[in-house]
Amino acid sequence: MEKSSSKDPLHGITLQKIVEQLVNHYGFDTLGELVKIKCFTDKPSIKSSLTFLRKTDWARKKVEELYISTSAKF
């Protein structure tokens with residue numbers, strides 16, 4: 001039997017890992033410029049960003065898209 005692998009590039013990656021890697025790569029200042037959401041620009045923290053992104057689908061989608069487009073750089 002052949003194992004089926006997911007076509008989803010985010011399969012198995014938590015939102016926390018996505019945010020942490022983006023912050024480590026870009027920093028909150030640049031991340032706030034790339035994804036214009038307040039949780040990255042006004043008193044940013046991983047915790048507050050995760051809280052906002054878990055509640056706000058459009059913002060999470062933007063962050064996930066940025067992660068996918070830059071994941072080769074990690």
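This is a predicted model: local features need pLDDT of at least 70, side-chain atom pairs count only at pLDDT 80 or more; totals for chains, interfaces and linings use all residues.

Trainee: OK. How many helices and strands does the chain have?

Mentor: The chain has four helices and zero strands. Along the sequence the pattern is α-α-α-α. Helices (H or I, at least four residues) and strands (E, at least two) are DSSP runs, numbered from the N terminus.

Trainee: What does the C-alpha trace span along its principal axes?

Mentor: About 50 × 25 × 15 Å. The accessible surface of the chain is about 5,500 Å², and 50% of that belongs to carbon and sulfur atoms. Those areas come from the Shrake-Rupley method with a 1.4 Å probe; for residues, only the protein chains shown count as cover.

Trainee: And what share of the residues is buried?

Mentor: Buried residues make up 31% of the 74 in the chain. Buried means under 20% relative accessible area, exposed means over 50%, and partly exposed is in between (1.4 Å probe, protein chains only).

Trainee: Where is the kink in helix 1?

Mentor: The kink is centred on Gly27 and is about 100°. The bend at a residue is the angle between axes fitted to the seven residues ending there and the seven starting there.

Trainee: Which residues of helix 1 are buried?

Mentor: Leu15, Ile18, Val19, Leu22, Val23, Phe28, Leu31 and Gly32. The buried residues of helix 1 pack against helix 2, helix 3 and helix 4. Contact here means heavy atoms within 4.5 Å.

Trainee: Let's switch to helix 4. How far does that one reach?

Mentor: Helix 4 has 14 residues and reaches 20 Å from its first C-alpha to its last, close to the 20 Å expected at 1.5 Å a residue.

Trainee: Which of its residues are buried in helix 4?

Mentor: Ala59, Val63, Glu64, Leu66, Tyr67 and Thr70 are buried in helix 4. They cover an arc of only 160° around the axis, so they are on the same side of helix 4. The arc is that of the directions from the helix axis to the C-beta atoms.

Trainee: What is on the face turned away from the buried side of helix 4?

Mentor: That face carries the exposed residues Asp57, Lys61 and Ser69. The buried residues of helix 4 pack against helix 1 (15-34), helix 2 (38-41) and helix 3 (46-55).

Trainee: Take Leu66. What does it touch?

Mentor: Not counting residues up to four places away in sequence, Leu66 touches Leu22, Tyr26, Leu31, Leu34 and Val35. Leu66 is buried, with a relative accessible area of 13%. Leu66 and Gln21 are 45 residues apart in sequence and 11 Å apart in space, C-alpha to C-alpha.

Trainee: And Thr70, buried or exposed?

Mentor: Thr70 is buried, at 5% relative accessible area. Leaving aside neighbours within four places in sequence, Thr70 is in contact with Leu22 and Tyr26.

Trainee: New topic. How many salt bridges are there?

Mentor: The structure holds two salt bridges. A salt bridge is a side-chain nitrogen of Lys or Arg within 4 Å of a carboxyl oxygen of Asp or Glu. In one of them, Arg60 pairs with Glu64, with the closest N and O atoms 2.9 Å apart. Lys61 and Glu65 also meet in a salt bridge, at 3.5 Å, N to O.

Trainee: Why are Arg60 and Glu64 about one helical turn apart?

Mentor: Because Arg60 and Glu64 are four residues apart in helix 4. An α-helix has 3.6 residues a turn, so residues three or four places apart point the same way. Lys61 and Glu65 are also four residues apart in helix 4, about one turn.

Trainee: Is Glu64 buried or exposed?

Mentor: Glu64 counts as buried at 18% relative accessibility, while Arg60 is partly exposed at 29%. Glu65 is partly exposed too, at 42%. Leaving aside neighbours within four places in sequence, Glu64 is in contact with Leu10 and Ile18.

Note on methods:
Residues are numbered from 1 along each chain as its sequence is written. Side-chain values use heavy atoms; hydrogens and water are left out. The expected span of a helix is 1.5 Å times one less than its number of residues.
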